[in-house]
2 protein chains.
Amino acid sequence: MKVTKKQAQANRAHIVETASALFRERGYDGVGIADLMAAAGFTQGGFYKHFRSKADLMAESSACSIAQSAELTAGASIQEFVRAYLSREHRDNRATGCTFAALCADAARKEDEVRATFAAGIETQLGVLLGGGDLSPEAAEKARATHLAIMAQALGAIVMSRACPDDSSLADEILEACHVAIIKSLTSSEAVPDELQLNN
Amino acid sequence: MKVTKKQAQANRAHIVETASALFRERGYDGVGIADLMAAAGFTQGGFYKHFRSKADLMAESSACSIAQSAELTAGASIQEFVRAYLSREHRDNRATGCTFAALCADAARKEDEVRATFAAGIETQLGVLLGGGDLSPEAAEKARATHLAIMAQALGAIVMSRACPDDSSLADEILEACHVAIIKSLTSSEAVPDELQLNN
DNA sequence: ATTATCTATAGATCTATAGATAATGC
DNA sequence: ATTATCTATAGATCTATAGATAATGC
C-alpha cells in the first residue's frame, strides 16, 4: 500500500492538478474531498497526509493554475492574449481557463491565505503582460494601470458571458464588445496625440 | 400560528430580501435554508410553503436585487454610475452591492433558470445605463457595445479587488486604474476626431 | 520502523418532507 | 376547513480523524 517517496510526490502533484481543474469547473464549495480524491484515483482518507486542510489546497492549487496560465501567456503580445482570452473556447472551458475568472468571486469569501494567493497571482500575471520592457518610471506606472484595467475588463467579460444561458446571443455579444473596446483602448493610448489625452 | 394572507405575502417578500443580501454576501452555496430562515426570523420548515426549491429562490432573489440596483441607477449619468460602482464602499459592502459582481460566477454553475435571470438582468441594467436616448440605429448599436464593455470592466474591477486581502494596496489600485480607463474611454469616444478612431 | 494509502466513522452540515399546531377565512 | 408556520426528521452530503494495512527505507 505504501509507495515510494518519489511516487508520493507525484501523487500529491496529481491531486493538486486535479483540484485546480475541478475547482475552476465547479467552484471551491462544489468539490468535496471525496469527489476530488476519487477523480485523482485515490480514496478520501489519504488527503490529509498531503494537505493540512481544504483551504490549504485551495490556495496551493490556485497558485498552481495561475502560474501555469502565466507561463502559457509569456511571450505573447497583449493583442494575442486578449484574442485568446475573449474567445468562446475560453469561456466554454472553465476547467482549463483563467483561475481569476473562475474563482475570484469564490476567493473573496475565503480565508486570507487564499486571497493572498490571488493578489500575488494578479501581480504575476500583470508582470507577464507587461513583459520585460524597459520604460521610464512614469511610462511603467501608466502601463501598469492600463494593463490592470485590461485584465479587469477581460475577466469581467468572461464572468458576465458565463452567467448567460448556453444558447444566449448576449453571451457572445459581451465578448465581442469587450474585445473591440480593449483593442480600441490600446490603439488610442498609442496613437492619440498627447493634447487629446485626458490626464486623469 | 397561521397569519393573514397579507402578512404571509409580506413574510415571503422579507425572506426574498434577506436572501438577496445573504446570497450576495456569502454566495449561493454559503447560505443554507435554515440560516436564511433564521435570519429572516422564521424556522426552516416554512420555506417550502413559499418556494418550490432553493434554485427557485436563487433566481427570484437575484432578479429582485438586480431590479433594485437598476432602480437606484436610473437617472444617473454614466460617470456618476461608474464613480459609485468603483468606490471602496461598494467593494466592501457585498450584501447591498451589485448582484452581478457578487454572483455571476456562482450563477454560471447553476441551473438555466438562474442564468436566464442574469441574462435578463444584464439587459435591464444596460437599458438603464443607456437611458431613453433617441439615437440612430448605428449609434444605438455602438452605445450598446460601449456600455456592455464598461459594465464588464467595472464588474471585473470589483471582482478582482474583492479577491485581494483586506489591507491590500493592489485592491485600491485596481479600482483606480479601471476608473481612469473608463473615464478615458468615454472621453475619447466622444472627443477624439473620427479620423483617429479605429473602426473595429 | 516508518509511512502512503485504505477503510470506517464521528459529528456537523445540507435540502427537502411529514405531521402537529393554531390562527385565518369562509 | 384551510393554511402559515412550527417541530422533528429522513437521507445525503461534508470536513476531518482514527486505526488498519502493506509497502518502502533504513
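In which helix of chain A is A:His147 found?

## A histidine in chain A

A:His147 sits in helix H9 (residues 137–163) of chain A; helices here are DSSP runs of H or I with at least four residues, numbered from the N terminus. This is a predicted model, where local features need pLDDT of at least 70, side-chain atom pairs count only at pLDDT 80 or more, and totals for chains, interfaces and linings use all residues. Residues are numbered from 1 along each chain as its sequence is written, chains are lettered from A in the order in which they are written, and side-chain values use heavy atoms, with hydrogens and water left out.

A:His147 has 12% relative accessibility, so it counts as buried (under 20% relative accessible area, using a 1.4 Å probe and protein chains only). Leaving aside residues up to four places away in sequence, A:His147 touches A:Ile78, A:Leu126, A:Leu129 and A:Leu130; contact means heavy atoms within 4.5 Å.

## Two helices in chain B

Over in chain B, the axes of H7 (residues 99–107) and H8 (residues 112–130) come within 10 Å and cross at roughly 150°. The axes are lines fitted to C-alpha atoms over the stretch in contact, with angles running from 0 to 180 degrees between N-to-C directions. H7(B) and H8(B) are therefore roughly antiparallel (angles over 145 degrees).

On the H7(B) side, the contact includes B:Phe100 and B:Leu103, while H8(B) brings residues including B:Phe118 and B:Ile122.

Methods: Angles under 35 degrees count as roughly parallel, over 145 as roughly antiparallel, 65 to 115 as roughly perpendicular and the rest as oblique. Buried means under 20% relative accessible area, exposed over 50%, partly exposed in between (1.4 Å probe, protein chains only).
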